[in-house]
Amino acid sequence: MAYIAVTALSHVGLVRDHNEDSLVVGPWTLCGTTTMSPQTLVFPLGRPLVVAVADGLGGQPAGEVASELVVRQLALLGPSLDGAEAVENALNACNRAVHSATAGRPELTAMGTTIAGVLVRADSLLSFNVGDSKVFHAAGDGLRQVSVDDSPLPAPGRRTTSAVTQTLGGRRGQSTITPHVATLPLAVGDRYLVCSDGLTDPVPEEAIDAVLRAHDDSKAAYELWKAAIEAGGPDNITLALVRIGA
């Protein structure tokens, strides 16, 4: 019987004083906290399963509130999502919910979050994102990013940028979003990495690829976290590894 193994962790890193990341794996959410070790959950392949990481916007109020709100909403909506249009509608609903949560609460004004994840179905996988958190396909011929960064090109001589051009919430008053959603074929052995930029900013893509070529599941998650920490751990680090097994 085919199954989905999801290994996840979330860590504050070495610089931030609290964790503004949240994640959702099916009905399970982890919000604004640190896991002591990678956790693996196993689900039967068939019923829609959402796996996603939300990275609360730094430099603005209550990023952890925005990211938690979004993953809890996706945990509720996940089993009903049946295609790209449903995913887009869910992300738009999350955007409205973040904006609505600020009404009458000035301490939450302009809070926002990115979101990136996958919806695993019986015969296909949908990748989705708003913002600069990422989804990668770890294939035999190398790592391939399948999400679309909502960020400008880095400055000359730099590999990354902290600027982001689209988020859930993040502005005063209602804003509209254009979610990125892609439908991909699914097969036993497929692996996907969903992560916040606390991993991808300090750790180059080729280093992530090397870890995923050498390891699966908990060992891979641990080694990715370790690489981010050894690179200075400048931001919250949250990741989920999705593997299709049989």
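Predicted model: local features only at pLDDT ≥ 70, side-chain atom pairs only at ≥ 80, totals over all residues.
Okay, let's start with a rule: rings of Phe, Tyr and Trp (for Trp, the six-membered ring) pair if their centres lie within 6.5 Å, and planes under 30 degrees apart count as stacked, over 60 as edge-to-face and the rest as tilted. By that rule, this structure has one aromatic pair. The partners are Y222 and W225, with ring centres 5.6 Å apart and planes at 40°, so the pair is tilted.

Residues are numbered from 1 along each chain as its sequence is written, and side-chain values use heavy atoms, with hydrogens and water left out.

Back to the pair. Helices here are DSSP runs of H or I with at least four residues, strands are E runs of at least two, and both are numbered from the N terminus. Y222 and W225 both sit in helix 5, residues 217–230, and they are three residues apart, about one turn of the helix. Buried or exposed? For that I use relative accessible area: buried is under 20%, exposed is over 50%, and partly exposed is in between, with a 1.4 Å probe and protein chains only. Y222 comes out at 36%, so it's partly exposed, and W225 is partly exposed as well, at 22%.

D217 isn't a glycine, yet it has a positive phi of about 50°. Most residues other than glycine have a negative phi. D217 is buried, at 18% relative accessible area. There's another one to look at: A110, with phi near 70°. A110 lies in the loop between helix 2 (84–101) and strand 6 (112–113), and at 15% relative accessibility A110 counts as buried.

Now zoom out. The protein has five helices and 14 strands. Of its 246 residues, 54% count as buried. The C-alpha atoms fill a box of roughly 50 × 40 × 35 Å along the principal axes. As for the radius of gyration, taken over C-alpha atoms, the globule rule is 2.2 Å times the number of residues to the power 0.38. For 246 residues, a compact globule would be near 18 Å, and the protein has 17 Å, which agrees.

Strand 7 (115–120) runs antiparallel to strand 8, with six bridges joining them, and the two form a hairpin with three residues between them. V120 has L125 as its bridge partner there. Strand 12 (180–185) also pairs with strand 8 in the antiparallel sense, over six bridges, with L126 standing opposite T183.

On a 1 Å grid over the protein atoms alone, a cavity is a set of points where a 1.4 Å probe fits but cannot get out, a pocket is an open set with protein on both sides within 12 Å along at least five of seven lines, and lining residues have an atom within 4 Å of a point. Points are joined across faces, edges and corners, and a volume is the space filled by probe spheres set on the points.

How many cavities of 30 Å³ or more does the structure hold? One, and the largest cavity has about 50 Å³ of space. Its lining includes our friend D217, along with A138 and R191 among others. Strand 13 (191–195) and strand 14 (237–245) each give two or more residues to that lining.

Of its 20 lining residues, K134, D149, R159, T160 and D201 are closest to the centre. Helix 4 gives the most to that lining, with three residues.

Key
Pairing = 2+ DSSP bridges.
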